Amino acid sequence: MTMRCTWIWIHGWGMSPEVWGGMESRMPEERHRMFSYAKCGSVDQMRERLRLMIREETAPVRLIGWSLGGMLALEAALEPFECVEPGNGRNEADAEYTPHPIAQVLLIGATLRFAGPDRTKSWPERVVRRMRAQLGVQREETRHRFAESMFSDEEREGRPEYPQWIARSRIPTDFSPEGLDAGLQYLLETDLTERWRHFAAVCLEDEGISVRAVKRPDIVWMHGENDPICPTGAIADIPDRGKILFRGAGHAPFMTEPDRFAEAVRRIVHEYR
C-alpha cells in the first residue's frame, strides 16, 4: 500500500495560508499542513521552522512553495546535497539508499534570483528596496500594492474574479513586521543559481544516480506564462520536462487558474508514483 504523504504548503511574502483558498481540499487523500511565518523575525528562523516541520513527519514529505515560499522550499531540498561533489554518486541498483526526507517539491512562481538587473529574469532591485523603505510607514499599503502587481494584464482586465483575488491577497498576513523586512532582504540578496547548478551536476544529469545513498527529490517548476513579478525568463534554463507553464496566468496561477492548477498537481503526483 502506498504510504500517505504529507504536504507542506508555504505561501509567499506578505500573504497568509488563506491565500491558498482551500486548494489542499482538492487532494483529500493526502495529509496537509500549512507553514506559518508567525513570530519569525529572520529568514534563519523561517528556515529552521521548515526544517522542524519536515523532521516531525514520518511519512514522505511534499513541499509546495509559492514565490518566497518556493525559494525556501528549494533551499530545504538542496541542503542535503551541498557538500556532495559531482561523481560521488552510485547506481541505485548497486545498494540500498535512504529516501530524501522531501520526496517532491512543487515551485510556484519561484525563481533562483528574485531581484536583479535583468527584467526578463527578475524583479528590479530598486522596487524591492523601495518596498523595504516604505514598510515602516506604509506597511499595509506596501503589502497591498505588491498583491495588485501579481496579476497579469489579462487577469486584471478580463476576469470578473479579479476583485475576489485581490480580497484574498489582502487577508491579514501571518508575517511579523520584522519578518516582512527580513523577507524582502532575502528576496533582494539571495541568488540560488550556483547551488542549483551544483545540484543539477550532482543529480539531474543522470537520473539513475542517487548521491551518497540519498535519493534526490523530484522538483517541478510551475509558472504563470505572464508572471509580471518573476518572468518566465527566470526558468528558461529549466528543462521542459521539469516545468509547467499556465497560459495567460500571472504570479499566482493556483488562485487564478484553480482547476488547471489542481489537475496539473494531480498529474505530477500520479506520474511520480
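How many salt bridges does the structure hold? The structure holds 23 of them, where a salt bridge is a side-chain nitrogen of Lys or Arg within 4 Å of a carboxyl oxygen of Asp or Glu. Before we look at some, a word on ground rules. This is a predicted model, in which local features need pLDDT of at least 70 and side-chain atom pairs count only at pLDDT 80 or more, while totals for chains, interfaces and linings use all residues. Residues are numbered from 1 along each chain as its sequence is written, and side-chain values use heavy atoms, with hydrogens and water left out.

Let's start with strand β6, residues 102-108. Helices (H or I, at least four residues) and strands (E, at least two) are DSSP runs, numbered from the N terminus. Seven of the seven residues of β6 are buried, so the strand is largely enclosed by the rest of the structure. Buried here means under 20% relative accessible area, exposed means over 50%, and partly exposed is in between, all with a 1.4 Å probe and protein chains only.

Who are the neighbours of β6? Two strands count as paired if DSSP finds at least two bridges between them. Strand β3 (residues 61-66) runs parallel to β6, and six bridges join the two. Look for Leu63, whose bridge partner in β6 is Val105. Strand β9 (residues 218-224) also pairs with β6 in the parallel sense, over five bridges. There, Leu107 stands opposite Trp221 of β9.

Now back to the salt bridges. In helix α8 (residues 193-204), Arg197 and Glu194 are three residues apart, so about one helical turn separates them. Their side chains meet in a salt bridge, 2.7 Å from N to O. Both Arg197 and Glu194 are exposed.

Glu263 counts as partly exposed because its relative accessibility is 39%, and Arg266 counts as partly exposed because its value is 35%.

Glu257 and Arg260 make another salt bridge, with their closest N and O atoms 3.2 Å apart. Is Glu257 buried or exposed? At 15% relative accessibility, Glu257 counts as buried, whereas Arg260, with a relative accessible area of 34%, is partly exposed.
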